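Please read it alongside the sequence and the structure shown here.

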Amino acid sequence: MSRQLEERQVRAIYESIDTGSYKAAVQQANKLLKRQPGNVLYKALKVLALARTGRPDDEAEAHGLLDEVILSRPKDESVLGVTSHALKALNRPFDSITLFEEAFKQAPHDEELGSQAFMANIRVGNWKPAQLLATRMFKNFGKDRMLWWAVMCAVLQSMYANAQLTASSSLSTATATKISAASAAMKQPAGDKDKTDVRNLLLNLALRLIERAPETTHANADRFALHLDILQALERADEALVMLDTEHGKHLVRTSPVVQEIRRELILRTAAWDKERAATEEAMQSGDRSWEHVLSNINSHLYAVVAPSIDTIPIIDPGLPGPLPPWPAPPVPEDKREALLAAAQECKKYFDTMVAQDGEAGKDERTGWLALLELERRVRAYDLGGRETEGVIDVPELLESYVKAFGGKAVCVEDVLGHAELLDEAGKERLRASAEATATELEGDVASITSTSVLQRLITALKLSRAFAAVPRTAEQEVADAKRYAAAYFAALPLGKDIPKTEIQPADDLAVLAAQALVGAHAASQDQVYLYAAAALLETACSASRYAYGLRLCLVRVYRMLGAGKLALKHYRLLGAKLVQTDTLSHFVLARGSMFSLASNGDLDYLAEATEAGVIYVSNTAETPEMLVRAFQWEKYSQVTDFMTFQDRLECSLQRDLTLVELARMRILHTGPRAGAITDAELVDMKGFFDRIVSDRYDNRDLGVLPSLQPIAGDSFDKQTTLGPVAPAGGWANAFLKVYLRTFVNPLELDRQQDPEVLKKLGVELPTHDEPLSERVKHITDEELSELTEEERALVDAIDELLSWVERHQTKEAANGNGNGNGHAEGGDKDVVERIAKGFEDAQARIEALAADPDGTLAWKILHASTLLHERFVLFGLVSSSVTSKNASKKKTDPLAQGVRTIRTRGTAALKAVCAALTARAEREDAATLVDRCKDVLGDAVEVGATMDVLATSRREAFEGLAHGIARVSLS
Amino acid sequence: MSRLRSFRATDLFKFNNINLDVWTETYSISFYLSYLARWPDLCYVQEAPNGKLMGYVIGKAEGSGEEWHGHVTAISVAAEYRRLQLANKMMSLLEYISDKAYRGYFVDLYVRLDNKIAMDLYERIGYSVYRRVQSYYGSLSPDSVSQEEDAYDMRKPLSRDVHRRSVRANGRNVLVSASQVS
């Protein structure tokens, strides 16, 4: 074959792969391999094509062929490139290291190959080999960046020196756990002596490496910051400050936010309070009112009297709420109490002056006010023998004045409520009364308000009046308030008539207030008529303010309570949340979302949403390590640990586990009791997730975007609209993971450990447990149960009873020589069968009672109970199908088979009855009735007809759809 | 009253109140992290004392010769924190770093023709239209009435642009196609 022809054919394979024609690419590669069976490039191309088809058989073949390619120790650039892609596709990052290290060994003067080998180590967090390699490369190639790579890798190793590494059973999770452990160690002060020695040894090694670098290499701010960081970690902060005091250091402080941030940490550790006070006052005087200056200034006053010990000052963690979290106040010796209070008074004087001067200058500036409140918070955190309770400022007085000054800004309410803990009951009442007086004055003639600032004053006053209202509230009080807010809303709406459609209406918060008061009325009375009115009002407000996400999220919550899952999903989708937002926001629709999915009836909207929400975790695995590599390439060392933390928080996200469980539940309700309903990969993930302890999960769910304007002494809007006792969290995920793993995975497979060689490479240890996983999945703790609804508990109990019963029989059969049963159902069997079968009938009775009371029962409860019963039946079907197929040749009197038949018969009857109840409930769904019930709640101001139409239709379809779905999947 | 600090990767878990705004696009992990991996000193957030994010800016440095400049890729402030001068402060810092650390000639940004509120803001802080880029945005404006996909490239000169070449009096009339801009 001519070279030209060969090149053309190879190019054709690349093109096939690029265009997604993997099958064709495999065929083309096969053709070439026939002629040249040993050609490594052809093999590598075939591997890549096989890896991308997505078929398990192809993947298995790809793995085998890939081993051949790696063993051939390729060094050709094309082969390395293709193989590297194949390794990524097959998730074999460690073999990437072997591939490039072997190639680099053969071509030690090839700088690019060395860099590739280095980055392959970075991708998986192999810091020590990476450090050694970078050091060697610096010797060979003399490039500064290689030296700094080695420095960074030594620092990363020092973090691990203090970490206890553990791994769970899946490879990806093991990697993540490793990062998590290091992140945790990084935040902690040094542990025991041996570990501290190792840590210091590595940090000193990093320092020695830096000393070998030419001075000029410090030009890069990130290198400079890394140097400072190392000095700080070695408690040599004074030296770091000397570096900052040079011309170059000063320049970087001015031009690099990273260096600025480290400088501030260093100040805290060197106790240079006088200097810091002067610096912050100079900055604030010149107009820089950064909150950091305020905090530093307060610190400089208070810590000058009693300095915190260095160990109690945590490294600033970007994951924590607040820029500089309030640290534990250090103990104050008795003889320093006076001095501390005097220092606080001195500080107060400074900010009092700032407030006065800003006022005189007519500046719209909140800094001084908030600084005084922060100072008060700090003072009260000390133990001053009781004098701390007196504080240094009159908080109610200050806050009342603050509202007068800044009530026209949307942020005012947040500022006030953020300091509510500084108020006693009388103080709260004073603020409430003051806000109420303002509200009464302004709402008298809302229609004449022509400025958004005045409207905002009214909104602020109403919000604060409500926030500080006494609880419990009666339904009548809440309805009266809702009418008041709604009246103000409609009166103020014309103010925004000319703003662009893309802007949110200035009056929106009044609609949120009204809707939340109605939800409060429901909470007080359990009368869902208020929820209907809330839905109608929110729909109206959403149509006037299309992009007001706060309104829409309230509506999502209300529709879910009312059982209108389709409408909830529609409004959620209008928010346009995507990519990383799915981790933080999808809980709004996916929490217990399977009850709304109707996947059993072929409606795949919710299933698609759950699938989509899972994509970000795959992206994280694929993209974030590459970005870590980039941070090294661009030498932005300040980003390295942040990227690792980010990756870890997504990898071990609670929402990831919750999404996986919901997806599995929707899937089995869609497919019915088929073995392949949940994929092997999903089961591997479930197994891996399960071994994470609850505290290893990160709860990234964002509830801050859901407005809560309820009285702060009572339940939040979130709590009032959560479906179930609490929102699903780690305990809920664990309970369902246990049920599903036990149902879908046989005990031998559950107990199979990860390859010790792989774990050794990872440098991690398996967690030790007293019991194997196959036993641990059998116990559901009280803590886990506390997150479940009654129906969820019933499912968990029923499946536990079923599986335990089957397992007892299988154990007995195994002991009896593969089983000839005694031909009779034992007394125990009868009891078990009765309990399981009756469980179906009891649930049926509960559902019938719920469905028969449309006015008294929130619709979600009917959908939830019915879906859970169906899920129970499908899981029963999965377990029983394996029992009946194994026992097919046995006599009909086999106790297991007999029991299964009984349960199936009675379960089927229960499901049929539930379908009938759902159908009857659907028929009772009538928009006109809903309109009649809720039209008077808010009066004529709100048009309820259109909302009740869509609500009734949505619910009718939900009840009918569920009945059809159950019939389709389980009764046909 | 806020803390203007570096944008960190973990801020992606906290930026919903900003990104649920209709004008603010949410991008892939790679997008944000690739900016942080290269220009962390041009990416900042404004953080409230209670830790909530109030707004952010993502920028980069690009171009060559006299086109070497700082670029504002995205800037947004959450609705509840508007009218607090937060965007001005973020832009000032980005301009300062573009000037002092990168020695750029100007800072530029793109804005939809129909995003009047944003354009007013940029003009107030010294930006002016340098040229109109046709079909710059791949999708229609969220305001479906105007169906606008063109962008104005707005620029503000830095100290290195001694001759103020980044300012054009008739910028709105200078049309270029999207393929002609970086």
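In chain B, a cluster held together by ring pairs takes in Phe7(B), Phe15(B), Tyr27(B), Phe31(B), Tyr32(B), Tyr35(B), Trp39(B) and Tyr56(B). The model is a predicted one, and the search over all chains gives a count of 29 aromatic pairs. The points below begin with individual ring pairs and then turn to charges over rings, cysteines and one of the cavities.

**Aromatic pairs**

- Phe840(A) and Phe876(A) form an edge-to-face pair, with 6.3 Å from centre to centre and 70 degrees between the planes.
- This pair links distant parts of chain A, since Phe840(A) belongs to helix 43 (residues 827-851) and Phe876(A) to helix 44 (residues 859-886), with the two residues 36 residues apart.
- Phe840(A) counts as buried at 2% relative accessibility, and Phe876(A) likewise counts as buried at 2%.
- Within the chain B cluster, which includes Phe31(B) and Tyr32(B), the rings of these two residues have centres 5.3 Å apart and planes at 90 degrees, so the pair is edge-to-face.
- Phe31(B) is buried with a relative accessible area of 18%, where the limit for that class is under 20%, and Tyr32(B) counts as buried at 2%.

**Charges over rings**

- Phe840(A), besides pairing with Phe876(A), has Arg872(A) lying over its face at 5.4 Å from the ring centre.
- In chain B, the charged end of Arg155(B) sits over the ring of Tyr130(B), at 3.8 Å from the centre of that ring.

**Cysteines**

- Over all chains, the search of the whole structure finds zero disulfides.
- Cys542(A) is in no disulfide, and the nearest cysteine sulfur, which belongs to Cys554(A), is 8.7 Å away, whereas a disulfide requires the two sulfur atoms to be within 2.5 Å.
- Cys542(A) is buried, with a relative accessible area of 3%, and Cys43(B) is also buried, with a value of 1%.

**Cavities**

- The whole structure contains six cavities of 30 Å³ or more, and the second largest cavity has a volume of about 60 Å³.
- The second largest cavity is lined by His587(A), Leu590(A), Ala591(A), Arg592(A), Gln655(A), Leu658(A), Glu662(A), Arg701(A), Pro728(A) and Trp732(A).
- Helix 30 (587-590) and helix 34 (654-671) of chain A each supply at least two residues of this lining, and helix 34 of chain A provides the largest share, three residues.
- By residue class, the lining of the second largest cavity divides into five nonpolar, two polar and three charged residues.

Key: Residues numbered from 1 in each chain as written. Chains lettered and ligands numbered in written order. Predicted model: local features only at pLDDT ≥ 70, side-chain atom pairs only at ≥ 80, totals over all residues. Heavy atoms only, no water. Buried < 20%, exposed > 50% of the residue type's maximum accessible area, 1.4 Å probe, protein only. Phe/Tyr/Trp six-rings, centres within 6.5 Å; stacked < 30°, edge-to-face > 60°. Helix = DSSP H or I, 4+ residues; strand = E, 2+ residues; numbered from the N terminus. Lys NZ or Arg CZ within 6 Å of the ring centre and 35° of its normal. 1 Å grid on protein atoms, 1.4 Å probe; cavity = no way out; pocket = protein on both sides within 12 Å on 5 of 7 lines; lining within 4 Å. Points joined across faces, edges and corners; volume = space filled by probe spheres on them. Nonpolar A, V, L, I, M, F, W, Y, C, P; charged D, E, K, R; others polar.
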